[in-house]
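Opened the file today and went through it piece by piece. These are my notes on what I looked up.

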Amino acid sequence: MSRDSGEREPLLGNQPRKRAGSNYTGEEGGLSSSALPPSHERETGEEESIMGFTVVVKRAAKKQINACCSKENLKTKLPITKWLPNYSLQALQCDLIAGLTVGLTVIPQGLAYAKIADLPPQYGLYSAFMGCFVYCFLGTAKDITLGPTAIMSLMTATFATSPIEEDATYAIVLCLITGCVQLLLGLLNLGILVNFISYPVINAFTSAAAITIGFGQVKGILGLTHIPRDFPEMVYETCKKIPETKIWDLVMGLVCLALLYVLKKLRTINWNDDLDGPGPNRCVRFCRYLIWLIGTASNAIVVISASGVAAILISQGKNNTLSITGHLKPGLPDFKPPDFSYTKDNITITASTIFSDIGAGFGIVPLLGLVELIAIGKAFARQNHYKIYPSQELIAIGFANIISCFVGSYPVTGSFSRTAVNSQSGVKTPASGIFTGVLIVLALFTLTPLFYYIPKSALSAVIIFSVIQMVDVMVVKKLWKTNKIDLIPLFITFLSCLGVGMEYGILIGIGVSMIILLYPSARPKIKVEPGGVKVVKLDQGLLFPAVEYLQECVLEANEADGKNNSVVLDCSHVSALDYTAIQGITELIVDFKSREAKLVFAGFPKNVLKHLQVADIPELTVSSTVQEGCKLLQEELTPEFPGVQHIKVEYNSRL
């Protein structure tokens, strides 16, 4: 090959590549200055380009508007229009039974979960009905039922506890902002964000939350007061105050736990019917259904029974025997927007104070609500053979939280236990939520005076029995068998949630999980093939986390064996480059030039070569294959590079 001024032209595959400062006029190169059109022609061309761009934008906008206003999009955004035209009387009967059954479950749970949120009990019911109505119109899963949950209640207590006792201003504002964030994510199709929270992190957070909530209700079983909310202090103070235990509360709590355990077993009885036989008659089926219904409504049965005992004791003049719920505000709350300021007992809360106090809760609570909803929806959709749409689910829960805040609700999401009850009750459509909501509204109007007699220990028993099932111990064994590295985020998230708080624990867990995910990108596997010309093989893409590490490995290959080695960098697996990577390549070329050695980049895919051409890196040498790069370097090894000897290159085809 010929040389110009004693220097070889760098190669791009088999074609000469543009030199810095040259007027390259190849197929993919730019135009030389002599080839440019006159200035008035360029201006005319620019005007035509602007007009053409405007036309393209108008067409795209028109197409988007037509798509948004189409009948198909309406059905997607308003799922009720898909199933309502085919709604049958049989579906109505199934939805009625399922809705009332879920209502019997959610009433005692709502009262109990409000305790976790540090709110008066009626706010648990305020949070339980509006979401059911909204989801009926916008939800895509027939099984899901929205309302207060243990984790949302705990998050509300963590981020939205008002300095004024029994004030719900913070919680209602959090509900509004949570709904707005979730609605925005849904409209932008950002449901994919949940994919960045790994299963071990979610599992550890759920288990830690269950333990925190469950142990937090031990005080209700023992009849203790003034127990801190943070887990370490909670454990210490609860153990310290055990001598102050109220016997009647302890007995009531333990009896309620035992009854809950027995009644729950009724729901899962396996009757072992002969599959080939005629099956049970109608009377037997009715009795079995009645037994199942008793097991399903176990929370309501236990709470009602405990309330009856408390009412009898109070009628006999033993008012201080049991700790009871006390008076609740009857009826529905006023339908009004949240108050962003509040004044009571010479304490004034402004909007800026509320927003600064809630802080990170505006991001964490919507994300956790989304995770709960999508996880539950996917599980039951897979079980019952239908499909849900995550972005539409986000829109549904966003609207549900926004509208619910007008009736005094704190943030809501899908409940696993109530969704399971809904599914097992034979629900056919989301219309079951209407019957659940109506039952809760009726309870607020008619049963509120009776809620006065509910023992706190009974509500604590309901909470403990509900959340204890959320603790998943077997996941440790599963991860140990499948992927031990996942145990790291699992244990770190679990211990962080218990040690420093749920809000920080979930963030720490996500951070650790992301580090584990990104570590291979920062430390890719790099193989160095020995020889006079070192071949360095990169096993994956080259992006900014890996640039410095790659530079170190390539320079080590250059200095290997105490020699100044030329290097071929195999880039056949590099599918993308970012600006940092291009800067790193430029720095490597400069380093090799200062060492009087050669560096060839081999095997770049075509799409990456286009980025390199645009970057216009000076003295970049590229070959189409590793073998061609090795041959090129063999020809380049001349006496003008005193640190390099002329060596026969043996190419390893396995690379």
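**Helix α23 and what it packs on**

I started with α23, whose buried residues pack against β7 (526–529), β8 (533–538), β9 (566–570), α24 (579–594) and β10 (599–602). For the record, this is a predicted model, where local features need pLDDT of at least 70 and side-chain atom pairs count only at pLDDT 80 or more, while totals for chains, interfaces and linings use all residues. Residues are numbered from 1 along each chain as its sequence is written, and side-chain values use heavy atoms, with hydrogens and water left out.

My terms: helices (H or I, at least four residues) and strands (E, at least two) are DSSP runs, numbered from the N terminus. Buried is under 20% relative accessible area, exposed is over 50%, and partly exposed is in between, with a 1.4 Å probe and protein chains only. Contact is heavy atoms within 4.5 Å.

I listed the buried residues of α23: V547, L550, Q551, C553, V554, L555, A557 and N558. Just after α23, D561 has a positive phi of about 60°.

**Other positive phi values**

I checked two loop residues as well. N189 sits in the loop between α7 (169–187) and α8 (199–216), and its phi is near 55°, positive in a residue other than glycine. D616 is in the loop between α25 (606–615) and β11 (622–623). D616 is not a glycine either, yet has a positive phi of about 55°. With 28% relative accessibility, D616 is partly exposed.

**Helix α12**

Next I looked at α12 (residues 282–296), which has 15 residues and reaches 21 Å between its end C-alphas, close to the 21 Å expected. Which of its residues are buried? I found R288, W292, G295 and T296. Viewed down the axis of α12, they fall within an arc of 100°, so they line one face of the helix (the arc is taken over directions from the helix axis to the C-beta atoms). The face turned away from the buried side carries the exposed residues R282, C283 and F286. As for partners, the buried residues of α12 pack against α4 (89–116), α11 (247–267), α13 (298–315) and α17 (416–424).

At the start of α12, a side-chain oxygen of N281 comes to within 3.2 Å of the backbone nitrogen of C283. I take a polar contact as a pair of N or O atoms within 3.5 Å; within protein, one must be able to donate a hydrogen and the other to accept it, and residues adjacent in sequence count only if both atoms are side-chain atoms.

S298 belongs to α13 and is buried, at a relative accessible area of 0%. A polar atom of its side chain lies 3.1 Å from the backbone oxygen of G295. Setting aside neighbours within four places in sequence, S298 is in contact with L260, L263 and K264.

**S409 and G414**

I went to S409 in the loop between α16 (390–404) and β6 (413–414). S409 is buried at 0% relative accessibility, and a polar contact of 3.2 Å joins its side chain to that of S127. Not counting residues up to four places away, S409 touches Y126, S127, A171, I172, C175 and S404.

G414 is in strand β6 and is buried too, at 0% relative accessibility. How far apart in space are G414 and I144? I get 6.1 Å, C-alpha to C-alpha, across 270 residues of sequence.

**Cores and totals**

In the largest nonpolar core, of 105 residues, M155, F205 and M502 touch the most other members. A core here is a set of buried Ala, Val, Leu, Ile, Met, Phe, Trp, Tyr and Cys residues joined through side-chain atoms within 4.5 Å. Helix α15 (residues 361–384) gives the largest share of this core, 11 residues. Another core lies apart from it, with 31 residues, including L538, I582, I589 and V622.

Last, the totals: I noted 26 helices and 11 strands, and 47% of the 655 residues count as buried.

Definitions and conventions
Expected span 1.5 Å × (residues − 1).
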